[in-house]
Amino acid sequence: MFRYNVTEGIATMDPAFAKSQSVIWAVKQVYNTLVEPDNQLNIRPCLAKGWEVAADHKTFVFHLRTDVYFHDNESFIGGKGRKMNAHDVVYSLKRIMDPATASPGAWIFNGKVDIGKGFTAINDSTFQLTLLQPFHPILGILSMQYCSIIPHEVVEKYGKDFRKHPCGTGPFQFHQWEEGQSLILHKYPRYFEKDSAGNRLPYLDAVKVGFLDNKATEFLLFRQGQLDFMNDIDASFKDEVFTKRGLLKKEWVGKMVLEKGPYLNVEYFGFLLDSTKEVVKGSPTRLKKIRLAINYGIDRVKMITYLRNGIGIPANAGFVPAGLPSFDTVKVKGYTYNPALSARLLKEAGYPEGKGLPVIKLLSIPIYEDFANYVANQLQQLGIRIQVEVMQKALLMEQTAKSEALCFRGSWMGDYADAENYLAVFYSKNPAPPNYTRYANPAFDQLYEQSLQENNDSIRYSLYQQMDRIIVADAPVVPLFYDEVIHLIQPNVHGLGNNGLNSLELRKVYISR
């Protein structure tokens, strides 16, 4: 049995509500999607064994596997799980869009698919998706846990209670859930996937999820061997466990295994650039040279070393984070620490050594206060005065959504593995969110629209890199760091994969005794 804990608990096992990481992880074990990201975040087949894209880039035809069965459930004839087919795909995807479901994932298809005409079962093993306009990252969207394939009989039998009676095609089937205590899943013996040697997956017999709400207690249980795996670690233990370079201290080597990898999350500061707003008209950050001076005035390497024990990658290559297939530090050069260039830019903007430059107010949330203060102290040395104001997250979200915050802390976590998800933050036709800075550049917009219609990956990645270079040149944001996934694993646990979406992949995990 594989044991892990989620401090925030699990609110539901209904994939239409798979919004938080804890729900996504649990749902992933019980359900499958048409396609899925591999460890390098390339999209690969899952329930669909292959697909074709029409010449108009709007029609996708998926050929489904014919050896997939839903888990046994009282809702089926004789209680035996039936074969999954294309009508189940239509039902599952329409249900996300149906206002009656009230799924927080409805946005993934809104404006992209017509609920009446977009989802079609051509026959039992062929599903067709028709888009309103080309949108290449749709494959990434179809790999999101919202798009898990579910059987209508079970939803109809349980209604609202479907949340605690999950039934999918995944490697593990639902066994028992004591809310607030634990969730137990058992191996599904008819699961369709096999390993390269022909052995049926998964290897594990069961998965147990605990719901202790304290990260420190969780670490204690992990150290005692009562948990097999931990995601991240309480900040109070970071100095005890990690060196400043983000490695395990020697007293822990052999007692646990540390796995680190890029996480699709970029932490940044943003500037409001909407010149129609009164607050922007007199603000020094409306000037590109001031924004660039700020970007070149921050030592991101030192920041990661001292504030994060070496966990995270300094954001020296634009806004699109490490871990994505299109990420390239050679083709996108971001900002390095260059105080001399900063000073020159300040002078060219008309504020030599910061003389006459008004104080810039930076809005942050409590957990990022130390980053904001670090940046303020560094920029002070160049004559750029930053006043940090800390507020609750909900209030900051409200101010940025209403375009009232001139300079603010932000983070963007990838919903799916495509750089488009990050570049959409700067597309002028997008509201806030995601375009919190109200950035608008016709050259950028043109490249963005072009990229949505491009099926050739290498051409599309080149367009993404061009857009990221425009962002670096215009500096609507200050990228601070690209996050990293931290997994602590017991030494006898093998085969735990990891990718930039931090998905929990248990199909090939085994535990040696």
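1. Two strands count as paired here if DSSP finds at least two bridges between them. The model is predicted. On that basis, four strands make an open sheet in the order E4-E5-E7-E6, and their pairing is antiparallel. Strand E4 (48-53) and strand E6 (119-123) are the edges; each has a single partner strand, so one side of each lacks a neighbour in the sheet. From one strand to the next, the twist averages 25°.

2. Inside this sheet, strand E5 (residues 59-64) pairs with strand E7 (residues 126-130) over five bridges, in the antiparallel sense. His63 has Thr126 of E7 as its bridge partner. Helix H2 (residues 86-97) lies across E5, E6 and E7. The helix runs at about 175° to E6.

3. Strand E8 (residues 172-178) and strand E9 (residues 182-187) run antiparallel and are joined by six bridges. Gln173 stands opposite His186 of E9. The two strands form a hairpin, with three residues between them. In the turn, Gly180 has a positive phi of about 85°.

4. E9 is also joined to strand E10 (residues 206-210), by five bridges and again antiparallel. Here Leu183 stands opposite Val209 of E10.

5. Helix H11 (residues 369-380) passes a length check. At 1.5 Å a residue, its twelve residues should span 16 Å, and the end C-alpha atoms are 16 Å apart, so the two agree.

6. Which residues of H11 are buried? They are Phe371, Ala372, Tyr374, Val375, Ala376, Gln378 and Leu379. These buried residues pack against helices H8 (288-296) and H9 (300-308), and against strands E12 (257-271), E14 (360-364), E15 (386-390) and E17 (477-489).

Conventions. Residues are numbered from 1 along each chain as its sequence is written. This is a predicted model: local features need pLDDT of at least 70, side-chain atom pairs count only at pLDDT 80 or more; totals for chains, interfaces and linings use all residues. Side-chain values use heavy atoms; hydrogens and water are left out. Axes are lines fitted to C-alpha atoms, for helices over the stretch in contact, and angles run from 0 to 180 degrees between N-to-C directions. Contact means heavy atoms within 4.5 Å. The expected span of a helix is 1.5 Å times one less than its number of residues. Buried means under 20% relative accessible area, exposed over 50%, partly exposed in between (1.4 Å probe, protein chains only).
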